[in-house]
Amino acid sequence: MKLLVFDMGHVFVDFEWEEVCLGFCREAGCSRDRLKEVFVHAAGLGYERGSISTQDFLAELNRLLESKISQAQFNDLWTFGFRENEEMAKLLQKLRQQRPLYLLSNTNEVHYDFIQSRYNVERHFEELILSYKVGYTKPQAEIYREVLRRAAVEPGDCLFVDDLECNVDAASKLGMNTIQFRGVEDLKHKLSGDFGLAVE
């Protein structure tokens, strides 16, 4: 492998989405079912593709929820519970000594700025492909092609690690090598056994 590409959420940064939702429900005074409807609609606005600003995204949430959540409150609610997987962080540091590492993440401005400021994720990677900056999200083929274009490698020279099956399948269809993330020990076993990388 000439290039190792990693997802972020639930790979080396964890969070509990249900807790985030409960926070919004409390602040907006709405039911979980109503919040789900609003978030499904809001997802279609393309916040993770950079199609709408954070301010406009929040304005739409407030309109639909009939709430008055401030920008500061939104930031706190939206980033609640993020935590770094320290064992994965150590593994990334080990791997970056052997191969170039790229980050490929579906994310948005508030999430990424918070995670970077708190955990300095950029220390692991040579290149960042963030959905809200490139205008595509996984599993769209274009975002994987952006990785290959920037790295100037063939799909078969790239290994992609993601927790979601749909994202792994999309990368496989383009010819990338893939591992679906199911925990650090499983990943270490596959990296060392299948790809000959040092993980300890």
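**Close-up views of a predicted model**

**View 1. Surroundings of M88.** Setting aside neighbours within four places in sequence, M88 is in contact with F6, V11, F12, F181, V184 and L187. The model shown is predicted. M88 also belongs to the largest nonpolar core, where it is among the residues with the most contacts inside that core.

**View 2. The largest nonpolar core.** This core comprises 31 residues. Besides M88, the residues with the most contacts inside it are F6, F12, L95, I115, L187 and L191. At least two core residues come from each of the strands β1 (3-6), β4 (101-105) and β6 (158-162), and likewise from each of the helices α5 (86-95), α6 (109-119) and α10 (184-195). In soluble globular proteins, nonpolar side chains tend to be buried together.

View 3. Another core, of 22 residues, lies apart from the largest one. Its members include V20, F24, V38 and L65.

**View 4. The fold as context for the close-ups.** The protein contains 10 helices and 7 strands. Its radius of gyration is 18 Å, close to the 16 Å given by the globule rule for 200 residues, so the protein is as compact as a globular protein of that length. The C-alpha trace spans about 55 × 30 × 25 Å along its principal axes. Among contacts between residues at least 6 apart in sequence, 64% join residues at least 24 apart.

**View 5. Surface and charge.** Of the 200 residues, 50% count as buried. The protein exposes about 9800 Å², of which carbon and sulfur atoms supply 46%. There are 24 positive and 33 negative side chains, and the centres of these two sets lie 2 Å apart.

Technical notes:
Residues are numbered from 1 along each chain as its sequence is written. This is a predicted model: local features need pLDDT of at least 70, side-chain atom pairs count only at pLDDT 80 or more; totals for chains, interfaces and linings use all residues. Side-chain values use heavy atoms; hydrogens and water are left out. Helices (H or I, at least four residues) and strands (E, at least two) are DSSP runs, numbered from the N terminus. The radius of gyration is taken over C-alpha atoms; the globule rule is 2.2 Å times the number of residues to the power 0.38. Buried means under 20% relative accessible area, exposed over 50%, partly exposed in between (1.4 Å probe, protein chains only). Contact means heavy atoms within 4.5 Å. Accessible areas come from the Shrake-Rupley method with a 1.4 Å probe; for residues, only the protein chains shown count as cover. Lys and Arg count as positive and Asp and Glu as negative; His and the chain ends are not counted. The place of a charge is taken as NZ of Lys, CZ of Arg, CG of Asp or CD of Glu. A nonpolar core is a set of buried Ala, Val, Leu, Ile, Met, Phe, Trp, Tyr and Cys residues joined through side-chain atoms within 4.5 Å.
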